[in-house]
Amino acid sequence: MSTTDGPTLIPDDASAQEIADREAKMRQRKGWFPGLSDKWNALPRQTQWLILIVVVVLAYLLPILNPPLITTEPGNNWQIALAQMSVYALVAVGLNVVVGYAGLLDLGYVAFFALGSYTAAMFTSPDSPYVHIPYLWTLPLAMAVAMFFGVVLGVPTLRLRGDYLAIVTLGFGEIVRILATIIPAMKGQVGFQNVGHPPGTDSSGQTIFQNSNGTPWYWLTLTIIIVVLLAAGNLERSRVGRAWIAIREDEDAAEIMGVPTFKYKVWAFAIGASVGGLSGALFAGQVGFVNNQKFDIATSILFVAAVVMGGTGNKVGAILGGALVAYIPLRFTAIAEFKYLIFGAALVIIMIFRPGGLLPARQSLLAYGRLAYNKLKGAVGDIPPSGKVVLEPGKGADK
Amino acid sequence: MISEVIPTLLHSVPVDDTWITFDVNSFTQNFWSSTFDGLTFGAIYALVALGYTLVYGVLNLINFAHSEVFITGCYGVFFTLSALNFGPSAPRLGFWAIVGNLILALVVAIIASALMAVIVERVAYKPLRQRKAPRLAFLITAIGVSFAIQYTIYWWRGPSPEAALTMFRPLAIFDVFGTIVDSQQVVIIVAAVILMIATDQFIRRSRTGRGIRAVAQDPDTATLMGVNKEKIIVTTFIIGGILAGAAALFYVMKIPSGVQYNGGFILGVKAFAAAVLGGIGNVRGALLGGLLIGLIGNYGQVLLGSSQWTDVVAFVVLVLVLIVRPEGVLGSSLGKSKA
């Protein structure tokens, strides 16, 4: 890492060649599934949709299929394992907005998860003396609460260099757990029993959303993941998403190109926090019990490991990483005890040897930038006499 | 405050659970004893903070694994003193025998910590430097290493803290405003301050110190001037390790049953808060920041009633400093400190 912020050389032919070489190299190194994303992008749009529909239907059928070898039984109930995996996947999607898109390291993501869980618990559990509201209303409320704290934490720290955010969020992750322990109203280890659940009974009068039955929770979370994915995908392709990627690649350059970096960083952080709160509320509902034991900072590192393993900046990778991080300890119960050791070491190894993760993000910004450059070069003669070339923020900011 | 607003907003049912209570009485009664205790803890934080500050100054990197470097030293102290038959009650040894044993433990702790610091640097950070990895990669690796070490210790020693070790029975030395200052507090504060002054002078006067400052200021120019950058980086990690090893001895002295796999973690966050408060990259700032964090944390603990409030208070101080004066009280730059 260079510690200087000195001037960089103006790109000449040689360095342009070097850049081209590097891009070619990046294209060659495609993680563990070489060429997968290229092949995917080469498919016609209709085929892509068809494959996606099949994948989504398969995902919905997973709890019923209970495929052998993959299943976590007999060690753990497969439906509940799926529900947990889906919550982790949602967490990873949210954290991916912060770490993957905007390049901000949030090490206390579990705090937002905890805030969501406690919001759901304190407004639905009979153990809580406060107002009670229907469970489904706590989902947006949990998002709002987590987002509020995200902004409160983000505004002072995001003005500074990224490292401070890492340590402040790390501290925050631990503090929320400690506060849950020492503030009497949050009931420490005693916690809140019988957290609410969505309404509905089946034909025999049984509650659908039972804590012991993971399937409806899995379907609910999966549906929410799909909604969040669509939203995140749109954000990623929008002006906001391009700004995030510009910030991630080179914050100073983005600022100079006119990207209001601070504003977009707060946005990324707050959006990430709200998804964390949402997943926390879902987790609280599924487990049905919230106390201070589930939100230690180690869980936060698992979340980061999920995003990094999946491929920072790739939302499909994030889902995969999140599901894997939950799945591995449930499936291989023999190594469950060492999960923090394994995922901690995995972080180091991935960062050193394969920083892209399982499914590396496409260097979409580079691609956009090159595209814009080629278009401009081709259209030099066509530039109107006013010479007004509108460059959107983010485009070309990387070079 | 929000914490007071929420219950009033939601006053539909009688609320008997409290959120936060202040115990001003206990605070005024225990003011001096918590001051001396706070200074003692502050001295320990300051020693650990130096490790963060030096590495940050040279590499612009928060070395999250520094808390594990520190806890390695704690295990060094624990194993040495256990082998020397120290136990939960104070040993029946002569003065010089105790001093000799403690110095032996100190040496072992320093070696263990410095070794761990070098291993972390070589295994985790050097490969990334060679690949010119982005900043984010360094931070993710740092936290990964920190957790890998923590849970290796967990695997080896289990979740519960090690048996308590008392090094010596604290003797009352003098009396300030009716509060007794004991030998333990004096030993820790004096030894820590001496170590900090020695480090400060080393950075300011020695040839290696000049190298460290040069690399902190501008690594490329320093390399052109003949400074061996890699060697300086390793030296910086070693100095941080040595100070963490010393801090480990004092920490076990102060908290006999504090040796635990994750014992260094929160202390690390507080030490980093101390480094930021004093001005990150600033050696003297680390001392000032450490003492301030120790004091503020201890006052908060007495005022709010639970020992875990120290962590919360230290964290709030960190955020406030970042809002009001992010460069810290004494300003932050290792490179610009005068020779």
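What share of the 399 residues of chain A counts as buried? In this predicted model, in which local features need pLDDT of at least 70, side-chain atom pairs count only at pLDDT 80 or more, and totals for chains, interfaces and linings use all residues, 48% of the residues of chain A count as buried, a residue being buried if 20 or more other C-beta atoms, placed from the backbone, lie within 10 Å of its own. Residues are numbered from 1 along each chain as its sequence is written, while chains are lettered from A and ligands numbered from 1 in the order in which they are written.

Chain A has 15 helices and 0 strands, these being DSSP runs (H or I, at least four residues, for helices; E, at least two, for strands) numbered from the N terminus. Among contacts in chain A between residues at least 6 apart in sequence, 80% join residues at least 24 apart, where two residues are in contact if their C-beta atoms, placed from the backbone, lie within 7 Å.

Helix α5 (residues 109-124) of chain A packs against helix α11 (residues 261-287) of chain A at an angle of about 50°, their axes being 6 Å apart; the axes are lines fitted to C-alpha atoms over the stretch in contact, and angles run from 0 to 180 degrees between N-to-C directions. α5(A) is therefore oblique to α11(A), since angles under 35 degrees count as roughly parallel, over 145 as roughly antiparallel, 65 to 115 as roughly perpendicular and the rest as oblique. Residues that make this contact include Phe112(A) and Ala120(A) of α5(A), together with Gly277(A) and Phe283(A) of α11(A).

Note on methods. Buried ≥ 20, exposed ≤ 12 C-beta atoms within 10 Å, placed from the backbone.
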